[in-house]
Amino acid sequence: AVVSTQSTGREGVLRPLRFKALPSDSAKICPVRACLDYLKRTDRYRPADENKLFISSRKAHKGIAVSTGSGWLLEAMSKAGIDTSVYKAHSMSGASVSAQVKKGKSLAEIMKSGRWFRESTIKKHYLRDVQV
């Protein structure tokens with residue numbers, strides 16, 4: 001599924017960036033499937049010239065601003081029990097990993113679910129306020 005674009009290195013030239021969906025038994029947590037479902041559900045509202053993934057629910061349905069997307073992420077993080085005074089929208093991965101550790105998940109389980117290969121990467125970049 002094409003959900004974004006990536007530069008080819010030549011100015012102004014983009015190529016499709018492709019992501020594979022998780023197996024069907026993981027459909028409920030698959031971000032690719034969620035994006036495709038969102039695109040399908042919003043297709044009738046989406047202006048033909050709109051190239052942003054997320055659009056406003058208000059009439060005209062233009063692409064949302066970065067601040068709107070950040071607000072949506074912060075709201076979801078807060079509802080998931082993540083301390084948004086410590087974690088902001090740009091630190092979603094770190095917040096997620098830290099929350100999983102606090103709930104008792106092992107680093108091995110977290111590495112598998114996040115498809116990480118090095119424990120040192122998680123410890124260095126994603127764990128913020130927990131001890132492992």
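Which residues are exposed on the other side of H1? They are Lys 40 and Arg 41. The model is predicted.

**Helix H1**

The buried residues of H1 are Val 32, Cys 35 and Thr 42. Viewed along the helix axis, the buried residues of H1 fall within an arc of 110 degrees, so they line one face. An α-helix has 3.6 residues a turn, so residues three or four places apart point the same way. The length of H1 also fits: twelve residues at 1.5 Å a residue should span 16 Å, and the end C-alpha atoms are 16 Å apart.

**Cysteines**

The structure contains zero disulfides. A disulfide needs the two sulfur atoms within 2.5 Å. Cys 30 counts as buried, because its relative accessibility is 3%.

**Largest pocket**

The largest pocket holds about 1400 Å³ of space. Its lining has 31 residues, and the closest to the centre are Ile 29, Pro 31, Ala 34, Leu 73 and Met 92. Four helices each supply at least two lining residues: H1 (31-42), H2 (66-79), H3 (92-102) and H4 (107-114). H2 gives the largest share, six residues.

The lining divides by residue class as follows.

| Class in the lining of the largest pocket | Count |
|---|---|
| Nonpolar | 18 residues |
| Polar | eight residues |

How values were computed
Residues are numbered from 1 along each chain as its sequence is written. This is a predicted model: local features need pLDDT of at least 70, side-chain atom pairs count only at pLDDT 80 or more; totals for chains, interfaces and linings use all residues. Side-chain values use heavy atoms; hydrogens and water are left out. Buried means under 20% relative accessible area, exposed over 50%, partly exposed in between (1.4 Å probe, protein chains only). On a 1 Å grid over the protein atoms alone, a cavity is a set of points where a 1.4 Å probe fits but cannot get out, and a pocket is an open set with protein on both sides within 12 Å along at least five of seven lines; lining residues have an atom within 4 Å of a point. Grid points are joined across faces, edges and corners, and a volume is the space filled by probe spheres set on the points. Ala, Val, Leu, Ile, Met, Phe, Trp, Tyr, Cys and Pro count as nonpolar, Asp, Glu, Lys and Arg as charged, and the others, Gly among them, as polar. The expected span of a helix is 1.5 Å times one less than its number of residues. The arc is that of the directions from the helix axis to the C-beta atoms.
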